[in-house]
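Here is my note on the model you sent. Please read it with the structure open.

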Amino acid sequence: MKPIQQYDEAVVLWVREYLSCPLLDMIMKAISFLGNHGMIWIILTILFFIIGKREKRNWRNWAVVLGGSLVLSACITNIFLKPFIARIRPYDKLYLDIIVPALSDFSFPSGHTTAAFASAVVIWNMDKKWGKVIFLFAAIMAFSRIYLSVHYPTDVIVGALVGSLSAGVILYIAEKTKIILK
């Protein structure tokens with residue numbers, strides 16, 4: 001584990017040293033803010049539910065799938081992995097000043113990234129074109145967490161995996177139970 005920790009710390013410090021600038025500070029804070037408490041994804045889920053059935057697509061069914069993916073990934077991340085692993089955040093471990101409010105939970109895995117990738121997988125399965133856009137946004141959100149020194153690279157990598165796998169499980173269940181008719 002020590003080489004992984006050293007790698008993670010080196011990347012966080014490199015990003016901070018070579019990429020940090022006022023413009024990116026503002027952009028990364030804004031992107032990260034959108035993911036606070038999964039709010040952008042919850043709003044999208046509610047929007048899908050409100051849209052209902054339009055254009056040969058039952059948006060409510062997709063809302064159920066998206067919501068289920070978010071709940072499963074949040075439970076795995078926040079109830080099981082974060083307290084079990086109990087990884088200290090980079091800014092605390094490396095004594096870094098940060099430009100966002102300090103967080104009270106642990107670092108591993110990234111909840112922002114988990115929710116973003118769970119949403120991206122669901123949306124990609126719903127619509128490939130929009131899915132590509134959401135995957136790009138999810139990747140930028142994941143990077144924003146490293147940029148802001150609140151997560152290590154492995155936090156966001158595992159967050160992406162947990163989110164993607166959670167969405168895959170929910171999509172599988174939805175297809176088997178005919179919630180989604182492709």
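1. Start with Ser 149. Ser 149 is buried, because its relative accessible area is 0%, and buried requires under 20%. Ser 149 sits in the loop that joins α7 and α8. Its phi is positive, about 65°, although Ser 149 is not a glycine. Keep in mind that this is a predicted model.

2. His 37 also has a positive phi, near 60°, and is a residue other than glycine. His 37 belongs to the loop between α2 and α3. Is His 37 buried or exposed? His 37 counts as exposed, because its relative accessibility is 74%.

3. A further backbone point concerns Pro 109. The peptide bond running from Phe 108 to Pro 109 is cis, and its omega is near -10°. Pro 109 lies in the loop between α5 (90-93) and α6.

4. Now the core. The largest nonpolar core holds 42 residues. Which of them touch the most other members? They are Trp 41, Phe 48, Trp 62 and Val 65. Two or more residues each come from α1 (2-18), α2, α3 (39-51), α4 (59-85), α6 (111-126), α7 and α8 (153-176). The most come from α6, which gives 9 residues.

5. Look at α3 against α4. The two helices pack at about 155°, and their axes are 7 Å apart. Therefore α3 is roughly antiparallel to α4, since the angle is over 145 degrees. The crossing of α3 past α4 is left-handed. On the α3 side, the contact includes Trp 41, Phe 48 and Phe 49. The contact of α3 with α4 has 12 nonpolar residues, 2 polar and 1 charged.

6. α3 also packs on α6. Here the angle is about 30° and the axes lie 10 Å apart. So α3 runs roughly parallel to α6, because the angle is under 35 degrees. From α3 come Trp 41, Leu 44 and Phe 48; from α6 come Ala 115, Ala 116, Ser 119, Ile 123 and Met 126. By type, the contact of α3 with α6 has 7 nonpolar residues, 1 polar and no charged.

7. Next, α2 (residues 22-34) and α7 (residues 128-147). Their packing angle is about 115°, with the axes 9 Å apart. α2 passes α7 in a left-handed crossing. Leu 24, Asp 25, Met 28, Ile 31, Ser 32 and Leu 34 are the α2 residues in this contact. Their partners in α7 include Phe 137, Met 141, Arg 145 and Tyr 147. The contact of α2 with α7 comprises 9 nonpolar, 2 polar and 2 charged residues.

8. Leu 34 is part of helix α2. Leu 34 counts as partly exposed because its relative accessibility is 36%. Leaving out residues up to four places away in sequence, Leu 34 touches Met 39, Ile 40, Phe 137 and Met 141. Leu 34 and Ser 110 are 76 residues apart in sequence, and their C-alpha atoms are 14 Å apart in space.

9. Last, Tyr 172, in helix α8. Tyr 172 counts as exposed because its relative accessibility is 54%, and the cut-off for exposed is over 50%. Tyr 172 and Ile 79 are 93 residues apart in sequence and 23 Å apart in space, C-alpha to C-alpha.

Key. Residues numbered from 1 in each chain as written. Predicted model: local features only at pLDDT ≥ 70, side-chain atom pairs only at ≥ 80, totals over all residues. Heavy atoms only, no water. Axes fitted to C-alpha atoms, helices over the stretch in contact; angles between N-to-C directions. Helix = DSSP H or I, 4+ residues; strand = E, 2+ residues; numbered from the N terminus. Left-handed = near helix turned anticlockwise from the far one by under 90°. Contact = heavy atoms within 4.5 Å. Nonpolar A, V, L, I, M, F, W, Y, C, P; charged D, E, K, R; others polar. Core = buried A, V, L, I, M, F, W, Y, C linked by side-chain atoms within 4.5 Å. Buried < 20%, exposed > 50% of the residue type's maximum accessible area, 1.4 Å probe, protein only. Parallel < 35°, antiparallel > 145°, perpendicular 65-115°, else oblique.
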